[in-house]
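Okay, thanks for having me. Have a look at the model on the screen, and then I'll walk you through a few spots.

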Amino acid sequence: MAKQLQVPFTTKLPYPVYFRTADLTEEASYPRHRHPWGEFVYAFSGVMELKLADSHYLAPPQYGIWLPPDVEHIGMNRHEASHCSLYLSRERCRALPKTTCALAVSPLIKSLLEHLREHGVDQPRTSSDRRLLQVLIDQLALAPAQGSYLPISDDPLLRQVLTALEENPADGRSLAQWAREVHTTERTLERRCQQHLGLSFTDWRQRLRVVKALAMLEMGRSVEAIALDLGYSSASAFIAMFRRMTGTTPDKVRGQGFAAS
């Protein structure tokens with residue numbers, strides 16, 4: 001059963017730079033809201049999602065999601081997740097992107113976030129805290145911006161295909177077969193993938209499988225079992241895809257976590 005969470009701050013931040021962590025059960029969500037400060041959302045484990053009026057952002061652990069001030073959104077997670085939010089007053093957002101985007105999380109950014117979590121730093125109380133948080137803000141301002149690791153579309157044709165793949169990522173039907181399923185042409189469906197997702201159909205499906213694999217790795221599933229669940233005939237074929245898409249292997253992700261290269 002979905003759990004509705006309470007938005008932590010509605011009118012004022014406790015401090016111009018504020019760091020907050022939370023562990024979420026599966027199918028938890030924050031209600032639709034907006035605030036006059038910026039927010040960077042990162043999942044230490046699990047996958048966080050943000051729904052805006054006209055778009056849907058989803059980021060696995062190698063990305064975080066940046067929300068500029070005044071952007072209405074819904075936060076949610078489908079599986080258990082441990083996440084953090086770095087809240088920045090409007091004045092502190094000047095160097096960061098002006099639009100919502102996924103930001104690549106470097107090893108340094110990840111280490112800074114983990115340090116803040118482990119030491120319970122919610123706001124700068126010492127000169128050391130202030131320097132640490134400023135380095136984090138500077139690094140986020142330099143982080144490569146992505147649209148969304150796994151974009152979603154409300155296009156009537158695409159939505160049918162993407163929803164079906166979300167429910168069964170092992171489905172290996174070709175784009176031509178999906179086109180027949182939704183009563184259109186392969187060319188039309190590929191054009192809509194590029195137009196609405198900015199990705200080819202194949203790239204989108206592989207990203208979906210990476211996201212699903214990350215969640216299963218966190219649950220302790222074996223690489224062989226994950227490969228079969230995602231429709232691969234062998235673990236080696238799955239590992240090759242995973243390495244190509246992420247630059248690392250499933251076992252390294254399980255042992256060390258994952259940071260964008």
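A bit of bookkeeping first: when I say two strands pair, I mean that DSSP finds at least two bridges between them. Helices (H or I, at least four residues) and strands (E, at least two) are DSSP runs, numbered from the N terminus. This is a predicted model, so local features need pLDDT of at least 70 and side-chain atom pairs count only at pLDDT 80 or more, while totals for chains, interfaces and linings use all residues. Residues are numbered from 1 along each chain as its sequence is written, and side-chain values use heavy atoms, with hydrogens and water left out.

We have 6 strands in an open, antiparallel arrangement, running E2-E9-E4-E7-E10-E11. E2 (17-24) and E11 (145-146) are at the edges with a single partner strand each, so one side of each has no neighbour in the sheet. Helix H1, residues 107-118, packs on the sheet and touches E2, E4 (38-45), E9 (81-88) and E10, where contact means heavy atoms within 4.5 Å. The direction of H1 makes about 85 degrees with that of E4; axes here are lines fitted to C-alpha atoms, for helices over the stretch in contact, and angles run from 0 to 180 degrees between N-to-C directions.

Zooming in, E7 (residues 63-67) and E10 (residues 101-104) are antiparallel partners joined over 4 bridges. Across that pairing, Tyr 63 is opposite Ala 104 in E10.

Now, aromatics. How many aromatic pairs does the structure hold? There are 3, counting rings of Phe, Tyr and Trp (its six-membered ring) with centres within 6.5 Å; planes under 30 degrees apart are stacked, over 60 edge-to-face, and the rest tilted. Tyr 232 and Phe 238 have ring centres 5.8 Å apart and planes at 55 degrees, so that pair is tilted. Phe 238 also pairs with Phe 242, again tilted, with 5.8 Å between centres and 55 degrees between planes. Those two Phe residues lie in helix H8 (residues 235-246), 4 residues apart, about one turn. Together, Tyr 232, Phe 238 and Phe 242 make one aromatic cluster. Tyr 232 and Phe 238 are buried, and Phe 242 is buried too, meaning under 20% relative accessible area with a 1.4 Å probe, protein chains only.

Last stop: Lys 212, in helix H6 (residues 201-218). Leaving out residues up to four places away in sequence, Lys 212 touches Glu 166, Pro 169 and Leu 230.

Definitions and conventions: Buried < 20%, exposed > 50% of the residue type's maximum accessible area, 1.4 Å probe, protein only.
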